[in-house]
Amino acid sequence: VTDIAQLELGERGAVIVATVTGELDASQAPLMGDQIAEEVPTSAKGLVVDFSSLEFIDSSGVAMLFGLARKLGSRRQRLSVVVNDGEAVARVLEIVDFGKAAPMHADLDAALADAS
Amino acid sequence: VTPLSDLFERSVKGRALAYLFAAGAALGLLTLVLPHDDSVKDLPLVILAGVAFLVAGAAYWRAPRITKPELHAAVALGTVILTLANYYVGSTALFPLLYTWTALYAFYFFDLRAALAHVALIAASYGLLLALADHPSAVTRWLLAVGTPTIVGLLISRLLSRLRAENLASVQRADELRETEARTRLVLDSAPDAFITLDRDGLIVNWNAAAERMFGWSTAEAIGRPMRALIVPPEHRDRHDERRRELVESTGNVTGRLMETEFLRRNGSRFQGEATVSKVEIGGEVMVPGFVRDITERLRRLEEREALLREQAARAEAERVAEMVSGMQLLVDAALAHRSLDAIVEDLVTRVRGVLGADAAVIYLVEDGQLAMAASSGVEREGTPPRVEFGTGFAGQVAESSEPLMAEQPSAEEIADADLAALGCESLLGVPLMAEGQVTGVLVVCATEKRPFGPEGLGVLQLAADRVALGIDHARVYEREHRIAETLQRSLLPERMPQLPGLAVAARYLPAASEAEVGGDWYDVIPIPGGSIGLVMGDVAGKGLAAASMVGQLRSAVRAYALEGHGPAKAIEQLNRLVWTELGESQMATLLYVVLDPADGQARWVNAGHLPPLLAVGDGPSVFLEGARNVPLGVMPFPTFDEKTVTLEPGATVVLYTDGLVERPGDHIDNGLRRLSEAVRDAPDAPDDLCDHLLSALVPERGAPDDVALLVLRNTPMANHFSAEFPTEPQALSSMRTLLRRWLRYAEGSDQEIAEITTACGEAATNAIEHAGATGDSPFEILGSLEGREVDITVRDYGAWREPRLDDQGRGIGLMSSLMDDVEVTPTHEGTSVRMTRKLNGTAL
């Protein structure tokens, strides 16, 4: 079974943590991007998008990330992403050179530190 | 009868004898008183006179019952007295002539021989007297004395015998007449009819026993009274007089004039009588004899018979009408169950024509404010059915007025229906078809011969029209409902099977042959996000609109629960709660819900009171999935639903169905299941072919007795080549990835290779969906082939090519290029084709 993408939102201090699981494609990504953006208050210092449990991502998921990076940048908030090295999701983000838009980390704590 | 008859009465003879003796004695005494010869001896003569008086007295006394011997004795005694007197008188020459008296009496009294015996006695006694006296002229005297009475006696005898014969005849005639009269009276008295005779003045002269019984007046009371006062009711008396006068004054005899009139009884009651009256003239006297018969009973019987006939006729009419009505009713009933509106009007119009014996019948129905010919019988129809406006033509007038209409020898313009007019109608009769106060049509019948339908025909036609209107109304309502139900049901069944990667699905829905109402059978195939497939087979109790609408609710609910990602047990639990709480306790439904993960072939199912699904694997024996049986939906508020799992290996097939496929009236369900299992064994693999095979093997030729729903899913085995179609919507992406991963696993790609190729193909598919835009609904295709170790995948869409935007979709092309060995994008005017290849060698690019 391929699970459709699920979103879980949490707060770690002044940082919002959005954990996405399942497979993220065009059927979910655009809406999910908007939802995450809305859930980040202006008071928050930053956002961590946790893709460590994400099984699949395509260009629409990538677009979602770029979109979030743009939005947060304009609000002077920081974004960092958690991905597992060597897995398909990390490979896609590497290909599209997402590192230029936001820092990527292999574990959540590093990402949280980066975002606050 | 005649005075002469008395002459021969013995009492008369007795009295005559008495007078003779008395007269003789008186004469003898008188001669003794008068001067006479001295030779006459007075004393003996006085004694003889005394004896004669005694005999006279005895004869008179005995006269009423005197006997013949007494008469003989008396006459003989007379002869003896005369002889003695003669002796004592002496020789008087005239005296012997007195013997003439006794001789005369003898001839008068007796027959000739007896009379001659008395003459002999006279001859002997006088002869003896003469011999004793020794008289010189004795012989002369004797001859004189005997000869005179003999001659006179013979004459008298002759005369009397004539008289007697005549008297006898007259007596006989009188007797006969009396007898006839008695017989006639007997006959008349025993006759059941009263016999009454009137004289010319109307007075009753004859009245028999039957008349006594009939009128209550005795013969004695009736005779001599005027009939008019006795037995004619007062109001009829003048007419009676008139008739009698007319009868009496008519010339000649009149026999047997029959008349029916009312009579009066003594007790004042009346009755209807039939009189047969004659008039006879007998010797100038007019008599009016008549028989009267009481016909009350006959009239009653006649009336009874007429009443019976009337009743029979009425019953026959009622039966005819009832038959017609029941015929109509049957037709209406049939229409309610089975027929379309077209079929029912066709049938009704034929029936109406038959019932009325009309040459043609036409039903017009109101359509868009006009009357459109809907059905005809006895009319040649060609081309488009004629239409008339309200108020135009015969039917139009009936429709406009909502009243029955009759027309004699109408013109073609009046009829306004050329085909009908072509028949040459002599009589037209039309009645409106009314439903809920509205004219819904017009029923017209036509007779081509001069044969008016009359008020009776109108009545029957009206009756027929009511039935027709009712039938049409019902048929319309029914058709509308049927159409709604059918549309609803059709909309509830998937229009086409979703393309399921690696799976082949086919379904059939076969309405029952005999049932016009749609049933509650339904099925659904639900692509669940994440690539799973939900298969639903259900049966809602009941039929028609209600069942169809419940199917609609169930279908929506199942889809909703499926899309929420609930497993089968959870989904069914929620569904049961919905049925129990929302849809009403009376609703019940069976349901089979199977969720299949095509990635690994795991099928989870829950069975809520439905027939078990059948699992067929290759050529091996098929098995019914008996587990996970639960109560039907809607029978309990909180049942627990058991769920089971089975693996659908590549090549395995699962068959879902409703009872219509396996149940046969009078046959055990197990036999049906066995038939299904056997039919599946030698069936073709492809689900479409399998469905056809099962229907032809299991459904009787004349059609299924109940609705049949059938759903077949096959887990297609993977091969070097595959192709699949997906809808151009983002939700299809996960299904596509599932299929692709299955195939790549079959191609023995490494996890990394599988992930990368899947991502690349996902990009191509996302572009294809993007190209289709909001308008397109044509699916996109994905074709894969494995040549050696190289996979060659093409994603083709039929949308409008768009230049990739730099930021987002542009990244898609980049990803594809990065993840595949080679990417070739070919935009054409009818769509875009993206071909990608990659060599599998177990490493990432």
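Begin by selecting A:Leu24, A:Leu47, A:Phe51 and B:Met836, which touch the most other members of the 67-residue largest nonpolar core (buried Ala, Val, Leu, Ile, Met, Phe, Trp, Tyr and Cys residues joined through side-chain atoms within 4.5 Å; buried means under 20% relative accessible area, with a 1.4 Å probe and protein chains only). Helix H23 of chain B, residues 751-772, contributes the largest share of this core, eight residues (helices are DSSP runs of H or I, at least four residues, numbered from the N terminus). The model is predicted: local features need pLDDT of at least 70 and side-chain atom pairs pLDDT 80 or more, whereas totals for chains, interfaces and linings use all residues. Residues are numbered from 1 along each chain as its sequence is written, chains are lettered from A in the order in which they are written, and side-chain values use heavy atoms, without hydrogens and water.

Next, centre on A:Phe51. Beyond its neighbours within four places in sequence, A:Phe51 is in contact (heavy atoms within 4.5 Å) with residues including A:Val20, A:Leu24, A:Ile57 and A:Leu93.

Then display the interface, where 28 residues of chain B are in contact with 20 residues of chain A. The two chains bury about 1,900 Å² between them, 57% of it on carbon and sulfur atoms (accessible area, 1.4 Å probe, lost on being put together, summed over both). Select B:Arg737, B:Arg811 and B:Leu815: they supply 27% of the area that chain B buries against chain A, more than any other three residues.

Finally, show the side chains of A:Glu23 and B:Arg737, which form a salt bridge at 2.8 Å, N to O (a side-chain nitrogen of Lys or Arg within 4 Å of a carboxyl oxygen of Asp or Glu).

Methods
Buried < 20%, exposed > 50% of the residue type's maximum accessible area, 1.4 Å probe, protein only. Helix = DSSP H or I, 4+ residues; strand = E, 2+ residues; numbered from the N terminus.
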